[in-house]
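Subject: Structure handover

Hi,

Here is the structure you asked about. Please open it alongside this note. My findings follow below it.

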Amino acid sequence: TMAPHPFTTIDPNIGFCLVPAPTGSCPEDDDTRNSVIACTHGRDCFGRRLLPVMLKDVAGLVPGAYQGRGRGNKFLDDLTDADVLIHVLDSSGTADAEGNTVVAAGSEDTDAMGSNPIDDLDWIFNELIQWVFLNINAN
């Protein structure tokens, strides 16, 4: 269920979807005979091969997670089986880096400022680098 506050995910939410394969990544893409593939199983309406993808929505990251802060390493460990990370940044300016509301959405209050998405991207990148570095050093 949705809640009116940030960071509501505790345990990962897992889902599956089908994504078109990139052009040129399937052997039949090299076929120059202009043949039609009779089988439509696993293909979209354009004949592109569809690849199954597992999506995992994990808990929000807070500064210092690599040191165990917040859900810390539990959150970061949820990323270990990922081939790709898609990070969604909150650019509304209504929350700080901790996820605390600093101004209500649609408010005219210009004194309260939320976090800058570019700064968020920087510290998130740093958290992931530090986590990987510490894991490599530990092993």
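A salt bridge here means a side-chain nitrogen of Lys or Arg within 4 Å of a carboxyl oxygen of Asp or Glu. Please keep in mind that this is a predicted model.

**Salt bridges**

The structure holds 2 salt bridges. Side chains of opposite charge can pair when their charged atoms come close.

One of them joins D44 and R48. Their closest N and O atoms are 2.6 Å apart, within the 4 Å cut-off. D44 has 19% relative accessibility. Buried means under 20%, so D44 counts as buried. R48 is partly exposed, with a relative accessible area of 38%.

D81 forms a salt bridge with K56. Here the closest N and O atoms are 2.9 Å apart. What does this pair tie together? D81 lies in the loop between α1 (72–77) and α2 (117–138), while K56 is in strand β2 (residues 50–57), so the pair links parts that are 25 residues apart in sequence. Both partners are partly exposed: D81 has a relative accessible area of 44%, and K56 has 28%.

**Surface patch**

Strand β2 also holds M54. M54 is partly exposed, at 39% relative accessibility. Together with I14 and F16, M54 forms a nonpolar patch on the surface. The three have about 350 Å² of accessible area together.

**Helix α2**

α2 has 22 residues. From first C-alpha to last, α2 reaches 31 Å, close to the 32 Å expected at 1.5 Å a residue.

Which residues of α2 are buried? They are D120, W123, I124, E127 and W131. Seen down the axis of α2, these buried residues fall within an arc of 105°, so they line one face of the helix. An α-helix has 3.6 residues a turn, so residues three or four places apart point the same way. On the other side of α2, I118, F125, I136 and N137 are exposed.

**Nonpolar core**

In soluble globular proteins, nonpolar side chains tend to be buried together. The largest nonpolar core in this model has 11 residues. They are V58, A59, L61, A65, Y66, F75, L76, L79, W123, I124 and W131. α2 gives the most, with 3 residues.

Best wishes

Methods
Residues are numbered from 1 along each chain as its sequence is written. This is a predicted model: local features need pLDDT of at least 70, side-chain atom pairs count only at pLDDT 80 or more; totals for chains, interfaces and linings use all residues. Side-chain values use heavy atoms; hydrogens and water are left out. Buried means under 20% relative accessible area, exposed over 50%, partly exposed in between (1.4 Å probe, protein chains only). Helices (H or I, at least four residues) and strands (E, at least two) are DSSP runs, numbered from the N terminus. Patches are made of residues with over 30% relative accessible area and no salt bridge: like charges are joined within 9 Å, nonpolar side chains (Val, Leu, Ile, Met, Phe, Trp, Tyr) within 5 Å. Accessible areas come from the Shrake-Rupley method with a 1.4 Å probe; for residues, only the protein chains shown count as cover. The expected span of a helix is 1.5 Å times one less than its number of residues. The arc is that of the directions from the helix axis to the C-beta atoms. A nonpolar core is a set of buried Ala, Val, Leu, Ile, Met, Phe, Trp, Tyr and Cys residues joined through side-chain atoms within 4.5 Å.
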